[in-house]
Amino acid sequence: MSSAPGRRWRTLAALLAPDVAGPDRPVAGPIDDWRALYGLATVQLVAPSLYAGQLLRDALEPMPEDVRDALAYLHERNDDRNRRLLHVLRETLSILNQADIVPVLLKGAIALLPDQYPLAFARVLSDLDLGVPADQVDRGSAALRSAGYHHYLAPNVESVCWSVTTGHHLPPLIHPSGDGYVELHYDLFSGKPQKEALPLCAVLARAETHDWDGLRIRIPTPADRLLHNALHHQVQDQAFWTDRRSLRQLLEFARLRALPAAADVDWPGLMAELKRRGLADAMGAHLLAARELFGQPLPAGVKPTAAASRAEMRFWRRLDSPRLDRLFSLRWDALRQARRLPNLPRRLMTPGWYPEKYRFWKQQWVARRQGGPTSGVDRMSGERLDPR
């Protein structure tokens, strides 16, 4: 028997699952506590998708009126924001095209395009991620800044603490209207193993070029989109080690896998390459989560590792027991500190590290004094927090 939080996760996932016929598709069953389900949907940033899906299936009637009205309001506000982001995306692409740059759209930015997976436009977005060749990224940034895009400066902080050497994109550029911001990526990840497993140069080379209402764009292949989603959530956002799950990311992964174009992905070959780079456990955990939540069978020829199965088990146990959740949190903090120790001598011998670390500490101190957030990541879900 699963706990109330576990049942809530499974029920919400069943309501969100892609409409694919098959015996493994989960069934929500009777729902006793719609308000608790609404709370989970908002925390996991899938409330607009929940409303859009239930509206499409004509299944809103069983909801209490207050829950239905709240979901409708969130869906309306998200739809309005995505339309403003769509305007920002068009202007950004137009400026980059004029600079002879054809970027590849990444993650949520693709959801704004027409003819994506069902209900893609209901996805909650935080920013617009665009991949640009490394030798063109500075030129693209200069073109956008000339058009009025600007960097965010925290109050009472002289400059943004940003490391280009350890990052994978330039500092965010805010649209002049304030309706959204753009991140120009010269890499997809900050860590070396995932960079080598999915380099941006290879994604750009494999991407298809499209004409979107006169704008030139590139769209990654289905295999690259699936791999980017999994590695970004499990490795970049550290979900695999923290035993956390983002329902928004897993839902997009399931919807991408349900597309006919994803049927040709060579999963055994992909897993063999990831195993060589030490990333097969993380991908296996992602596939297991999609199977457990959305009923998607594992790809043919793929067998998750024992480490992936243990990670999936820990996630559900954390939901079942608050005490275990605290214990696993302590375990993760200890592992994180242990992983930082080998890098300490190198950082201490790097003169440029000192002013960078000082600026970071100063930003954290100012944020605490002003009562603002000190991190751009939601600890519970591993999701980036939307500044709006």
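**Close-up views of helices and strands in a predicted model**

**View 1. Strand S2 and its two faces.** In strand S2 (residues 128–131), Leu128 and Leu130 point to one side while Asp129 and Gly131 point to the other, and all are buried, where buried means under 20% relative accessible area, exposed over 50% and partly exposed in between, with a 1.4 Å probe and protein chains only. In a regular strand the side chains alternate between the two faces of the sheet. This is a predicted model, in which local features need pLDDT of at least 70 and side-chain atom pairs count only at pLDDT 80 or more, whereas totals for chains, interfaces and linings use all residues. Residues are numbered from 1 along each chain as its sequence is written, and side-chain values use heavy atoms, with hydrogens and water left out.

**View 2. The strand partners of S2.** Strand S1 (residues 104–106) is joined to S2 by 3 bridges, and these two strands run antiparallel; Leu106 stands opposite Asp129 of S2. S2 is also joined to strand S4 (residues 181–185) by 4 bridges, and this pair runs parallel, with Val182 of S4 as the bridge partner of Leu128. Two strands pair if DSSP finds at least two bridges between them, and the elements are DSSP runs numbered from the N terminus, helices being H or I with at least four residues and strands E with at least two.

**View 3. Helix H11 against helix H13.** The axes of H11 (residues 247–257) and H13 (residues 280–294) come within 10 Å and cross at roughly 85°, the axes being lines fitted to C-alpha atoms, for helices over the stretch in contact, with angles from 0 to 180 degrees between N-to-C directions. The two helices H11 and H13 are therefore roughly perpendicular, a term for angles of 65 to 115 degrees, while those under 35 count as roughly parallel, those over 145 as roughly antiparallel and the rest as oblique. Among the residues in contact are Leu250 and Phe253 of H11 and Leu287 and Leu293 of H13, contact meaning heavy atoms within 4.5 Å.

**View 4. Helix H12 against helix H13.** Here the axes of H12 (residues 267–276) and H13 come within 8 Å and cross at roughly 140°, so H12 and H13 are oblique to each other. Trp267, Met271, Leu274 and Lys275 of H12 meet Ala280, Met283, Gly284 and Leu287 of H13.

**View 5. Helix H1 and its cover.** The buried residues of H1 include Trp9, Leu12 and Leu16, and among the elements covering the buried residues of H1 are H11, H13 and helix H14 (306–320).
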